[in-house]
Amino acid sequence: LNNPDTMKRMASEGHEVACHTYDHTHMGDEVTMDDIVSADNAIEEASGVRPASFRSPGGGTTDAIREYCKSEGMPLYYWSIDTRDWETRDCDSIVAMVKEQAADGDIVLMHNIYESTADAVEQIVPWLIDEGYTLVTTSELVKKCSGKEPVPGVQYITSTYSN
C-alpha cells in the first residue's frame, strides 16, 4: 500500500475500509483471487482491520468473486451514478453529473486519485447536505434504506437493488 498512515487513520476514524484489488491490474471478470486476497492482506496489515466489502475494478464480477466475498463476509458494491471522473477529469462535469442524477439510496462512483474529483467533492458534499441527504458508509446505506444488513457475496448497485 502506498499510504499506510492514511489507511490507519481511516480505520481509526471509523470509516468503512473496503477492497478494490491490490493494484488494479485486472478489470471486472478478469479479477483474480490473488488480486483480492493480496489487497485484503495488505489492507489488514496496514490498518489492523480486514476489509468490510469489495468493489471490483470496472464493476464486473464472477461467481468465484462472489463466493470469496461470501466466505469473507463481504458484500460487493457497484454504483448507480458513474461521474466519469476517470474519463473527464473535469470538476464541473463531475458536479453536474451528481446534481442531475442524485436520488435517495444511490451509490456514486468517484476516484480519490484525481485533483478534479477532490475539487468536485468540496462542492458536492455541501450540496448533498443542503438537499437533505445524509452521507453514510455503504453498509449503513443498505441497512438504512432496506432495513436489512448487507448480504455477503451479494453485489449492491443502490441501497435496495442488487444483482
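**Exercise 1. Determine whether arginine 84 is buried, partly exposed or exposed, and find its salt-bridge partner.**

Step 1. Arginine 84 has a relative accessible area of 31%. Buried means under 20%, exposed over 50%, and partly exposed in between, with a 1.4 Å probe and protein chains only. Arginine 84 is therefore partly exposed.

Step 2. A salt bridge is a side-chain nitrogen of Lys or Arg within 4 Å of a carboxyl oxygen of Asp or Glu. Arginine 84 meets glutamate 87 in such a bridge, at 2.8 Å from N to O.

Step 3. Glutamate 87, at 47% relative accessibility, is partly exposed.

The model is predicted: local features need pLDDT of at least 70, side-chain atom pairs count only at pLDDT 80 or more, and totals for chains, interfaces and linings use all residues. Residues are numbered from 1 along each chain as its sequence is written, and side-chain values use heavy atoms, with hydrogens and water left out.

**Exercise 2. Describe the salt bridge of arginine 50 with glutamate 44.**

Step 1. The closest N and O atoms of arginine 50 and glutamate 44 are 3.0 Å apart.

Step 2. Arginine 50 has 27% relative accessibility and counts as partly exposed. Glutamate 44 is partly exposed too, at 35%.

Step 3. The whole structure holds 6 salt bridges.

**Exercise 3. Classify the angle between helix H2 and helix H3.**

Step 1. H2 covers residues 33-47 and H3 residues 63-72. Helices are DSSP runs (H or I, at least four residues), numbered from the N terminus.

Step 2. Their axes are 10 Å apart and the angle is about 25°. Axes are lines fitted to C-alpha atoms over the stretch in contact, and angles run from 0 to 180 degrees between N-to-C directions.

Step 3. Angles under 35 degrees count as roughly parallel, over 145 as roughly antiparallel, 65 to 115 as roughly perpendicular and the rest as oblique. H2 and H3 are therefore roughly parallel.

Step 4. Met33, Ile36, Val37 and Asp40 of H2 meet Ala64, Ile65 and Tyr68 of H3, where contact means heavy atoms within 4.5 Å.

**Exercise 4. Classify the angle between helix H1 and H2, and list the residues in contact.**

Step 1. The axes of H1 (residues 4-12) and H2 come within 8 Å and cross at roughly 75°.

Step 2. H1 is therefore roughly perpendicular to H2.

Step 3. H1 contributes Pro4, Met7, Lys8 and Ala11 to the contact, and H2 contributes Ile43, Ala46 and Ser47.

Definitions and conventions: Helices (H or I, at least four residues) and strands (E, at least two) are DSSP runs, numbered from the N terminus.
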